[in-house]
Number of protein chains: 2
Amino acid sequence: MQENLGERRIIEIIRECLELMPDMYPPFGDDVSAVDIGNGLLAVIKTDMLVASTDVPPQMTLRQAARKAVVMNISDLAAKGVKPLAVLASLGLPRSLGEEQIRQIGLGLNEGAREYGAYVLGGDTNEAPDIIIDCHVLGVCRKETLITRSGAKPGDILATTGTFGKTAAGLRIFLQGLTAPEQIAKPLRESVLMPKARLKEGLAMAETGGVSASIDSSDGLAWSIYELSRASGVGFTIEKLPIAEEAEKFAELHNLDPKELCLYGGEEYELVVAVKPEKWRMVESAVESVGGRLIRIGVATPDRRLLLKWRGEAIPIEPRGWEHFKS
Amino acid sequence: MQENLGERRIIEIIRECLELMPDMYPPFGDDVSAVDIGNGLLAVIKTDMLVASTDVPPQMTLRQAARKAVVMNISDLAAKGVKPLAVLASLGLPRSLGEEQIRQIGLGLNEGAREYGAYVLGGDTNEAPDIIIDCHVLGVCRKETLITRSGAKPGDILATTGTFGKTAAGLRIFLQGLTAPEQIAKPLRESVLMPKARLKEGLAMAETGGVSASIDSSDGLAWSIYELSRASGVGFTIEKLPIAEEAEKFAELHNLDPKELCLYGGEEYELVVAVKPEKWRMVESAVESVGGRLIRIGVATPDRRLLLKWRGEAIPIEPRGWEHFKS
């Protein structure tokens with residue numbers, strides 16, 4: 001029975017069973033789904049489930065877990081340039097939970113939504129053998145501002161809204177007991193416990209019309225680039241790996257490969273975007289005007305290979321990331 | 001630790017943690033949530049989670065369970081008079097599931113959506129210790145057509161779109177091994193395995209403007225009436241219990257109380273509505289014009305008691321129904 005299909009094969013099987021909505025936009029498998037509601041508007045929806053036993057390290061509080069369950073959904077809307085309006089939360093709860101634990105979940109849900117201007121409007125409560133927090137986010141946007149994964153063209157600039165590797169290092173602290181001086185360890189732990197969605201950045205970029213493709217990096221930088229490549233039919237070369245300073249130091253301390261931490265981590269919520277070169281300055285300054293930054297890390301190429309320039313060599317980037325049912 | 005809070009207390013605790021959206025309509029706790037999207041329109045959202053170990057009898061196939069997970073959400077939109085457009089499905093799946101089982105889930109999801117004109121647009125897949133099918137439905141409606149739970153006035157006619165008691169009897173066949181002649185047993189089993197949402201009826205009623213309050217009956221007839229009473233500030237007297245013929249025969253066979261089956265069952269998806277008396281004929285014929293029926297079962301009263309006229313007596317209806325964590 002233990003077929004270990006892997007999350008991507010499971011999604012493929014289910015997709016084969018579904019009659020597709022005509023004129024579906026964005027296509028099945030993008031960060032969000034949407035419905036044309038007339039007047040040039042899309043109602044944009046997203047769902048992403050958090051399961052305590054597989055998604056929550058023991059050091060994370062229930063409040064942090066509930067907050068993250070909201071934030072990880074908002075991150076997908078951020079990648080598309082869509083403002084979140086409403087959150088629903090379906091909860092599966094073991095009978096053993098007490099009032100205070102339920103309250104912590106409620107506080108975390110509210111926190112995650114209000115940080116980004118959205119409200120929790122309702123949800124559902126069920127008995128379940130594990131803590132399940134399944135959030136759904138709704139936003140509305142003008143059809144022309146929604147950024148899919150599929151518009152990148154050769155020559156576009158590959159960029160990210162931040163650095164990578166902190167959560168991969170943080171998880172090694174939490175799950176493998178690795179240590180580091182507090183000055184390094186603290187931001188690494190924080191990156192796991194209190195992830196941030198790049199909503200301001202995503203909304204600002206969408207307004208410029210200069211982003212040709214965008215994805216959130218929750219499955220890791222390498223996998224995000226692979227998905228952009230697959231959807232857009234281009235390749236990418238990373239010329240400068242956007243590794244976080246703390247992750248680099250942590251790698252040195254423990255003799256880990258910094259490339260591994262940066263490329264194949266996951267549970268990070270930066271946006272990975274392709275920017276039209278002639279619009280680069282406009283997009284960059286739009287992000288800076290809301291207090292963010294846009295890091296130029298590479299370029300889209302006509303052939304579909306994924307390469308990393310590293311110490312004078314061009315190394316292939318593997319299309320792998322964190323996958324449920326396989327990890 | 002085993003505090004056994006009950007679903008309603010859990011919802012209360014969480015609600016206390018939430019900052020409410022200004023001008024929230026419908027209010028927190030109605031069948032659906034909604035966001036004003038301008039142009040007189042509401043984007044209406046609903047989520048309801050199905051957990052295999054507590055919600056699915058062993059005789060129900062995975063395909064039926066997945067279909068039901070969609071239908072039970074669509075039923076809530078039906079009660080508000082809102083057409084469903086899109087479904088997302090978050091799945092929690094044990095590693096042990098094989099390809100064919102996943103396919104059955106996919107087929108059931110598609111079936112549930114397509115039966116009511118909606119499409120499954122996406123979702124999420126996770127590893128979980130139990131099969132969890134958490135669906136979210138999106139619809140759009142004109143603000144003035146949405147029917148809340150709170151508009152019933154004394155003198156309004158209480159009505160349902162069908163009879164009650166079949167699922168309560170069917171669950172006794174499945175879970176307690178009670179038997180009945182096939183002619184009776186078959187519709188009882190079917191009512192559990194293949195529930196129907198009263199979408200056509202709900203949409204037709206909403207267009208008339210004659211329904212003052214509406215709820216779906218998934219927590220049982222008594223609980224539905226209690227909720228309408230609480231939200232509208234009226235009482236209800238049931239003059240004629242809408243018990244299904246098969247449920248009545250089943251009650252006779254096994255010496256069960258037919259009132260119990262009819263009032264306190266649950267997992268039924270009829271609509272329970274209050275109709276303005278002067279609009280009764282219009283609402284009734286709107287429902288009949290789409291092939292449904294509207295059964296007049298009682299009346300809304302100024303004092304807030306819930307009563308059942310039964311063999312010459314007026315019996316109090318208890319505000320109870322099926323509740324997670326308590327049953």
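**Core, domains and chain contacts in a predicted model**

Biologist: With which residues is Ala43(B) in contact, leaving aside its neighbours within four places in sequence?

Modeller: In this predicted model, contact requires C-beta atoms within 7 Å. With neighbours within four places in sequence set aside, the partners of Ala43(B) come from both chains. From chain B they are Ala34(B), Val35(B), Ile37(B), Leu138(B) and Val140(B), and from chain A they are Ala43(A), Leu138(A) and Val140(A).

Biologist: Which residues touch the most other members of the largest nonpolar core?

Modeller: Nonpolar side chains tend to be buried together in soluble globular proteins. The largest nonpolar core here holds 223 residues. Those touching the most other members are Ala43(A), Val87(A), Ile133(A), Ala43(B), Val87(B) and Ile133(B).

Biologist: Which element gives the most to the side of chain A that touches chain B?

Modeller: Contacts join 66 residues of chain A to 65 residues of chain B. On the chain A side, the elements supplying at least two residues each include helix H1 (7-17), helix H4 (99-114) and strand S5 (132-142). By class, this side has 34 nonpolar, 19 polar and 13 charged residues. The element that gives the most, with nine residues, is S4(A).

Biologist: How far apart do the C-alpha centres of domain 1 and domain 2 of chain A lie?

Modeller: Chain A is assigned domain 1 (31-145) and domain 2 (157-316). Contacts link 18 residues of domain 1 of chain A with 21 residues of domain 2 of chain A. The domain 1 side of these contacts comprises eight nonpolar, five polar and five charged residues. The separation between the C-alpha centres of the two domains is 23 Å.

Technical notes
Residues are numbered from 1 along each chain as its sequence is written. Chains are lettered from A and ligands numbered from 1 in the order in which they are written. This is a predicted model: local features need pLDDT of at least 70, side-chain atom pairs count only at pLDDT 80 or more; totals for chains, interfaces and linings use all residues. A nonpolar core is a set of buried Ala, Val, Leu, Ile, Met, Phe, Trp, Tyr and Cys residues joined through C-beta atoms within 7 Å. A residue is buried if 20 or more other C-beta atoms lie within 10 Å of its own, exposed if 12 or fewer, and partly exposed in between; C-beta atoms are placed from the backbone. Two residues are in contact if their C-beta atoms, placed from the backbone, lie within 7 Å. Domain bounds come from an automatic or database domain assignment. Ala, Val, Leu, Ile, Met, Phe, Trp, Tyr, Cys and Pro count as nonpolar, Asp, Glu, Lys and Arg as charged, and the others, Gly among them, as polar. Helices (H or I, at least four residues) and strands (E, at least two) are DSSP runs, numbered from the N terminus.
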